[in-house]
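Trainee: I have this structure open and would like to go through it with you. Could we begin with a term I shall need?

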Amino acid sequence: MPLDIKDLVTSRLGENYELHDRHLNRTLVKVQRTIGFDIVYARAEGAYLYDMDGKDYLDFLSGFGVYNIGRNHPVAKKAIRDILDLDLPNMVQLDSALMSGLLAERLVQRLAQQGAPHLDSVFLCNSGTESVEGALKFAKAATGRPRIVSLKNSYHGLSYGALSVTGNAAFHEGFGPFVPGCETVALGDLAELEAQLKRGDVAAFIVELVQGKGVKFPKDDYFIQAQALCRKYGTLFICDEVQTGLGRTGKWFAFEHWGLEPDIITLAKTLSGGYVPAGAIVTRRAIYQKTFSRLDRCIVHSTTFGRNNLACAAGLAALTVLEDEGLIDNAARMGTYLETRLLGLQKRHDIIKEVRVKGLMAAVEFSEPRGLMPKMGWKLVHSLDASMFPQLIVTPLLTKYRILTQVAANNADIVKILPPLIVGEKEIDRFVDALDAVIQDLGKFPGPVWEMGQNFVKAMRSADEREPAAAR
Ligand code: PMP
C-alpha cells in the first residue's frame, strides 16, 4: 500500500493517546488523562485549535512559545512548499548554501535595526538547548575560562550543558553528575554575582531576561549592572532569548527593554515558524572566530541539520510575518491591555498575589486567600500536594472554557500564558473573563473545583502506587 498521509490521519485520528501510551511517554499520557488534557486536536489555525467535533480552543500556550505568528500561517506554509518545489540541493554540507546565508543575513540586519550591530555572526542549529550548548562552548573557547554562572530558577534546556546551567533542581534529579564549574546566583543579587566573577575564571554569565518559569524579571537596573560587572571582570554576557526573542515580550529582543549589549544571544522556538526545528547563536565576529580559530577547526562545532533549507525558509517566513503584520507592536499593545485587565481582576480577587506581564509573556501568581472557606480549600490542597493548586485553574480553563494555558513552575502557585502575537482584545477578554469565573468558583468550599484537586491528587498517587517509579 502506498503511503497516503491524508488517509492515514483521517482513518486513525483519535487513537492518539492509545498510541502514546503504548509506544511513547506513558507517564505523560497518565498525567494528561488525569487532569483532563487528553483532548484530540484535529486542526489548528492562527490562535485556535479545533477538536474532532470542530470545537475551538484558544491556544494561549503557542506550543511553549513557538507559534508567535499563529498556527499554520499561510506565508510559512508557502515558504516551505516553495522550497520543496525548488528541489534545491539540501545539506550538501561541504558547500556554503544560499538559504542559510540568507537567514543569517536577515537576522543580522534585524539585530542592527534593533541597536545591536555588533551581533553580526550567526551559527545555525536545531533547538533552544542546542543553541545554549553552543553559546557555552563559544564562551569557553573565546575566554579560555572554565566556569559558567547562571541564575537560580532559570531554564536553559535539558541537554547536559544547558541542564548544568539550568537553575532548577526539579530538572536535575536523577541525572547527575553535571558539567563542572557551573554556579547559580540569585536574580537581583549583584554582590553574589560579583563574588563569582571576581575569581576571574568565569567564561560567561547566562540569563533569561524574563524567566520562563514564572515570568520573573527585575524592575530595577539589575541587568545593566550585571552586564557592567561582566565587562569589568572579562566575563561574556549571554542573553538566552530562546523564549523572549522575536517579539514575545513586545520588543524584537528582550535585551532592548534594558538597553543591553549582550556578547552572545541564543534564539529558537519562533525562528522555526512552527514547522521545522531551528535555533541560532548570534555573537560578535571576534568571539565566533575564537571557536573556528584555525583551518583544521573549521567544523569543530557543527550539527548535521543545522543549516537545512526547510528550517531557513521557515525562519525567513517567520521573520517576514513578524515584520509585515506588525506583530511586535501588537504584542506590546495587547500586553498592556492584558496587564490592565489582569490588574483589574487582582483588585477583585485577593487570591491573586501578583500579575507579571512583559508583552505577551504573562503570569498570574496566587497566594492564600483571606476568605474562610477558600482559605480552607487552599490549605487542604496544599497539604496534599505542593504543586497542585495552579492545576485547579488551568484544568477548568481548558475543559470548561476551552483555553489552553500552563502551570508555570514546580511547587509554585503560578499560571502562565504565552498567546500567539496575533491575538486581539477578543481573545484576551475571553481569557480574562474565564479566569475571573474560575477564580469565583474557588470561593465555593466545599465545591467542585477543590474536589477536583483532591481527586487529581488521589488519581496521581494511585497511578504511582500501581506502577512504581522503578518499573516505568
Ligand atoms: N532556553 C530557554 C529560555 C527556553 O525557554 C527553552 C525552552 N523552553 C530552551 C532554552 C530550550 O529550548 P528547546 O526546548 O528548543 O531545546
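Mentor: Let us begin with burial: a residue is buried under 20% relative accessible area, exposed over 50% and partly exposed in between, using a 1.4 Å probe and protein chains only. This is a predicted model, in which local features need pLDDT of at least 70, side-chain atom pairs count only at pLDDT 80 or more, and totals for chains, interfaces and linings use all residues. Residues are numbered from 1 along each chain as its sequence is written, and side-chain values use heavy atoms, with hydrogens and water left out.

Trainee: Is Val215 buried or exposed?

Mentor: Val215 has a relative accessible area of 0%, so it counts as buried. Its phi is positive, about 50°, although Val215 is not a glycine. Val215 is found in the loop between strand 7 (202-207) and helix 11 (222-233). Helices (H or I, at least four residues) and strands (E, at least two) are DSSP runs, numbered from the N terminus.

Trainee: What is the phi of Asn153?

Mentor: Asn153 also is not a glycine, and its phi is positive at about 70°. Asn153 belongs to the loop between strand 5 (147-151) and helix 8 (160-165). With 21% relative accessibility, Asn153 counts as partly exposed.

Trainee: Turning to helix 13, how many of its residues are buried?

Mentor: Of its 16 residues, 12 are buried, so helix 13 is largely enclosed by the rest of the structure. Among the buried ones are Asn309, Cys312, Gly315, Leu319 and Leu322. The cover over the buried residues includes helix 5 (74-85), helix 6 (98-113), strand 4 (121-125) and helix 14 (327-348).

Trainee: What span should helix 13 have, and how far apart are its end C-alpha atoms?

Mentor: The expected span of a helix is 1.5 Å times one less than its number of residues. For the 16 residues of helix 13 (residues 309-324) that gives 22 Å, and the end C-alpha atoms are 22 Å apart, which agrees.

Trainee: What caps its N-terminal end?

Mentor: Asn308 does: a side-chain oxygen of Asn308 lies 3.0 Å from the backbone nitrogen of Leu310. A polar contact is a pair of N or O atoms within 3.5 Å; within protein, one must be able to donate a hydrogen and the other to accept it, and residues adjacent in sequence count only if both atoms are side-chain atoms. Just after helix 13, Gly326 takes a positive phi of about 60°.

Trainee: On to the rings. How many aromatic pairs does the structure hold?

Mentor: The structure holds 18 aromatic pairs. Phe223 and Trp258 form an edge-to-face pair, 5.1 Å centre to centre with 80° between the planes. That pair links distant parts of the chain, 35 residues apart: Phe223 is in helix 11, and Trp258 is in the loop between strand 8 (236-240) and strand 9 (264-267). Phe253 and Phe255 form a stacked pair, at 5.5 Å centre to centre and 5° between the planes. Rings of Phe, Tyr and Trp (its six-membered ring) pair if their centres lie within 6.5 Å; planes under 30 degrees apart count as stacked, over 60 as edge-to-face and the rest as tilted.

Trainee: Which residues do ring pairs link into a cluster?

Mentor: The cluster consists of Phe366, Trp378, Phe389, Phe445 and Trp450.

Trainee: One last topic: where is Thr270 found?

Mentor: Thr270 is in the loop between strand 9 and strand 10 (279-283). At 3% relative accessibility, Thr270 counts as buried. Its side chain reaches the backbone oxygen of Gly65 at 3.2 Å. Leaving aside neighbours within four places in sequence, Thr270 is in contact (heavy atoms within 4.5 Å) with residues including Tyr67, Leu246 and Ala318.
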